[in-house]
Amino acid sequence: MEKYPAGAAVSLRVLVVVHDDDAPVGLLGEEAERLNHRLNQVFARDFQESAALASRWAMSVEAALDHDALVILGGAMDSFDDLRYPHYRPLQLLIRAYVTAGRAVLGLCLGAQLIARAFGAVVSPMGFLEARCQPLMLLAAGRSDPLLWKLPRPLKPMQWHYDAFELPKNAVPLLMGTRCKNQAFFIEPGCWAFQAHFEASRQTCDRWDRTLREVAYSQDAKESRTFLDVEDALINGRVVMSRWLRQAVRLREAGNEDRETQQSL
């Protein structure tokens, strides 16, 4: 994969909502740097303490639309706990605003659950932990999806979650799991939601692995170690992050062409 020329017009400005220091930009950040894109990271913890701070977030929604794309990362919190995390509701407004504007959106783990909620779907506890690299089946739409096409079958991305989303009515399912069925979906024109952590870097994977080994989790977590395949997860995660950035460029260029057409009428 070739790097875009330094200073080229394709350079993106991506708004990234970071929920947890333990779930950083990882491979997305590495690929953005390689492809000459800029990530503007906003830390959600700054808006979690009170409704007043959440209101500041809501007021910033319109200003945030000056970015070309939006990413919502994961975290340990529940995506349905609006009382404890008052920024969730304005964040869902922001997600819908980006989708309506035809800009690229990417949700990972908690971020995927918030996208599902933004479009009317329910998120609920599974009753068990799904962790490490779990095999996922590419569905028909997934096999032709621009982010997932020609990737291995089954696909084994890194996982770490207790909750699961239902599919929004307007969503196209892309991946399916064994115990957690709904794993990924797409909403036109450019919104991808992945329950898995395709962005997880080697450092993140190693840190999560140590956590699993040090803490006495349930048998579910111990069994999940059977599917540990970090090397493939890193390779495929990098591919998915790179492809998403390229799709974000495509959507931005399509939006620019539409605006130019409207101005000429």
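Buried, as used in these legends, means under 20% relative accessible area, and the model shown in every view is a predicted one.

View 1. The structure holds 0 disulfides. Cys180 takes part in none, the nearest cysteine sulfur being that of Cys109 at 9.6 Å, and Cys205 is likewise in no disulfide, with the sulfur of Cys133, its nearest cysteine sulfur, 6.2 Å away.

**View 2. The whole protein chain.** The secondary structure of the protein chain amounts to 9 helices and 10 strands, and 53% of its 265 residues count as buried. Among contacts with a separation of 6 or more, 77% involve residues 24 or more positions apart. The protein chain exposes about 12,400 Å², of which carbon and sulfur atoms supply 51%.

View 3. Eight strands form an open sheet with mixed pairing, in the order S2-S1-S3-S4-S10-S9-S8-S6. Strands S2 and S6, the latter spanning 137–138, stand at the edges with a single partner strand each, so one side of each is left without a neighbour in the sheet.

View 4. Strand S1 (residues 13–18) pairs with strand S2 (residues 38–43) in the parallel sense over 6 bridges, and Val17 has Val42 of S2 as its bridge partner. From S1 the chain crosses through H1 to S2, forming a right-handed β-α-β crossover. S1 also pairs in the parallel sense with strand S3 (residues 69–72), in this case over 4 bridges, where the bridge partner of Val16 is Val71 in S3. Within helix H1 (residues 26–34), the buried residues include Gly26, Leu27, Leu28, Gly29, Glu31 and Ala32, and just after H1 a positive phi of about 70 degrees is found at Asn36.

**View 5. Strand S10 and its two neighbours.** Strand S10 (residues 191–194) runs parallel to strand S4 (residues 104–108), to which 4 bridges join it, and Gly107 stands opposite Ala193 of S10. Strand S9 (residues 182–187) is joined to S10 by 4 bridges too, but runs antiparallel to it; Ile187 has Cys191 in S10 as its bridge partner, and a hairpin of 3 residues connects S9 to S10. In a regular strand the side chains alternate between the two faces of the sheet. In S10, Cys191 and Ala193 point one way while Trp192 and Phe194 point the other way, and all are buried.

View 6. The largest nonpolar core has 49 residues, of which Leu148, Leu175, Phe194, Phe198 and Trp244 touch the most other members. Helix H9 (residues 230–264) gives the most to this core, contributing 11 residues. With neighbours within four places in sequence left aside, Phe198 is in contact with Leu27, Leu108, Leu148, Leu155, Pro157, Leu175, Gly237, Val240 and Met241. A second, separate core comprises 28 residues, among them Leu91, Ile95, Ala121 and Cys191.

Conventions. Residues are numbered from 1 along each chain as its sequence is written. This is a predicted model: local features need pLDDT of at least 70, side-chain atom pairs count only at pLDDT 80 or more; totals for chains, interfaces and linings use all residues. Side-chain values use heavy atoms; hydrogens and water are left out. Buried means under 20% relative accessible area, exposed over 50%, partly exposed in between (1.4 Å probe, protein chains only). A disulfide is a pair of cysteine sulfur atoms within 2.5 Å. Contact means heavy atoms within 4.5 Å. Accessible areas come from the Shrake-Rupley method with a 1.4 Å probe; for residues, only the protein chains shown count as cover. Two strands pair if DSSP finds at least two bridges between them. A crossover is right-handed if, with the strands pointing away from the viewer, the path from the first strand over the helix to the second runs clockwise. A nonpolar core is a set of buried Ala, Val, Leu, Ile, Met, Phe, Trp, Tyr and Cys residues joined through side-chain atoms within 4.5 Å.
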